[in-house]
Amino acid sequence: MIKVAISGVAGRMGLEVLKTVLAAEDTDLCAAIDIYNEGLDAGSLLGGEPLGVKITSNLAEALATSGAEVMVDFTGPSSVTANVVAALNAGVRPVVGTTGMSPEDFDKVSKLAEKMRLGCIIAPNFAIGALLMIKFAAEAAKYFPNVEIIEKHHDQKIDAPSGTAIKTAEKILEQRGDFQQGLELEEEKITGARGGKMPGGLRIHSVRLPGYVAHQEVIFGGVGQTLTIKHDSIARESFMPGVLTAIRAVLRLEGVVYGLENLLFE
Ligand SMILES: NC(=O)C1=CN([C@@H]2O[C@H](COP(=O)(O)OP(=O)(O)OC[C@H]3O[C@@H](n4cnc5c(N)ncnc54)[C@H](OP(=O)(O)O)[C@@H]3O)[C@@H](O)[C@H]2O)C=CC1
Ligand SMILES: O=C(O)C1=N[C@H](C(=O)O)C[C@H](O)C1
């Protein structure tokens, strides 16, 4: 059994991970971390039987005393890096779904994982459909340099653009390079009207509304035609097979893997 600690256990994703870890045959919940609900049994989050694991806000202590092998983190941009550093220093392998890490944070974590000779998976999206969307978009970018990304999420999301949109843009830019899209002279009458601009010139537009879960369209334009590659996560269960794959895979890795596609596709 793989002993799993869940950081952000009371959140939207944390609750799904809790159900998944309890249901899988080869994973065992050993620690439950969140900033509120201190001292409550983790089972109360699901309104069910006690699980014998108390929720704590003390991540370092939980990792040191629970025998955790893997820490799954779905918290927020302001806490994720400290949590990953704490896990690696405790000899625990992180599986990170939290988005919004800066390149500097990413670098720091990569160096620490290498030094500790521990695996760490940082995946902006665990849904297979989203990973395929990114793969297909990278392929299309070889033929269509004109492209914009529209990502749509629920209105409780902190970071914009989404980690998925950034990853998609990076993969497209690997194929098409820098490109001046639209008029060089174009003028925004309202700041941000043309979206956020990635280095390389790719525009990302972020929509936040109640009712959405996680959605993205990658729209390519050519002479007399457009091509739209679209993915919708309509429920958070969509991320769970990927999370389980990462929990199992991280045990045999050394260093950081950025993106689950690196473990799934050739
Ligand atoms: N990679 C992927 O496939 C996916 C990634 N995500 C990402 O996962 C992250 C979480 O999303 P979501 O579950 O919707 O967010 P939520 O806000 O619902 O959950 C985050 C949870 O973490 C808690 N928390 C915040 N800081 C800490 C901390 N320092 N230690 C422990 N717990 C903490 C929050 O508590 P409180 O509410 O009290 O602040 C909350 O319970 C986001 O970055 C999101 O982008 C989301 C979906 C899929
Ligand atoms: O906050 C979310 O909900 C999601 N965050 C991830 C991201 O930023 O890409 C993954 C998915 O889009 C859901």
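In what order do the strands of the open sheet of five strands stand, and with what pairing? The order is β8-β9-β7-β10-β11, and the pairing is mixed.

**Before selecting**

The model is predicted: local features need pLDDT of at least 70, side-chain atom pairs count only at pLDDT 80 or more, and totals for chains, interfaces and linings use all residues. Residues are numbered from 1 along each chain as its sequence is written, while chains are lettered from A and ligands numbered from 1 in the order in which they are written.

**The two domains**

Select residues 2-122 together with 237-264 for domain 1, then 128-234 for domain 2; these bounds come from an automatic or database domain assignment. The centres of the two domains, taken over C-alpha atoms, are 28 Å apart. Eleven residues from domain 1 and ten residues from domain 2 make the contact, where two residues are in contact if their C-beta atoms, placed from the backbone, lie within 7 Å. On the domain 1 side, α7 (240-249) and α8 (261-264) each contribute at least two residues. Helices (H or I, at least four residues) and strands (E, at least two) are DSSP runs, numbered from the N terminus. That side of domain 1 comprises four nonpolar, six polar and one charged residues. In this classification Ala, Val, Leu, Ile, Met, Phe, Trp, Tyr, Cys and Pro count as nonpolar, Asp, Glu, Lys and Arg as charged, and the others, Gly among them, as polar.

**The sheet of five strands**

Return to the order β8-β9-β7-β10-β11. Because β8 (196-197) and β11 (225-233) stand at the edges with a single partner strand each, one side of each has no neighbour in the sheet. Next, select β10 (residues 214-222), which pairs with β11 in the antiparallel sense over nine bridges; two strands pair if DSSP finds at least two bridges between them. Glu217 is found opposite Lys230 in β11. Helix α5 (residues 128-140) packs on this sheet, touching β10 and β11, and its direction makes about 160° with that of β11. Axes are lines fitted to C-alpha atoms, for helices over the stretch in contact, and angles run from 0 to 180 degrees between N-to-C directions. Helix α6 (residues 163-176) lies across β7 (146-153), β9 (203-208) and β10, at about 165° to β7.

**The sheet of seven strands**

Now display β3-β2-β1-β4-β5-β6-β12, an open sheet with parallel pairing. Strands β4 (residues 70-73) and β5 (residues 93-96) are joined by four bridges, and Val70 stands opposite Arg93 in β5. Helix α1 packs on the sheet, touching β1 (2-7), β2 (27-33) and β4, with its direction at about 165° to that of β1. Helix α3 (residues 80-89) lies across β1, β4, β5 and β6 (119-122).

**Helices α1 and α7**

Select α1 (residues 12-23) with α7: the angle is about 65° and the axes are 10 Å apart. Here Glu16, Val17 and Thr20 in α1 meet Met240, Val243 and Leu244 in α7.

**The ligands**

Which residues come nearest to ligand 1? Of the 24 residues around ligand 1, they are Gly8, Gly11, Met13, Ser79 and Gly97; a residue counts as near if its C-beta atom, placed from the backbone, lies within 6 Å. Helix α1 gives the most to this shell, with three residues. By class, the shell has ten nonpolar, twelve polar and two charged residues.

Finally, centre on ligand 2, surrounded by Thr99, Pro124, Asn125, His153, Lys157, Ser162, Gly163, Thr164 and Ala214. The shell around ligand 2 divides into two nonpolar, six polar and one charged.
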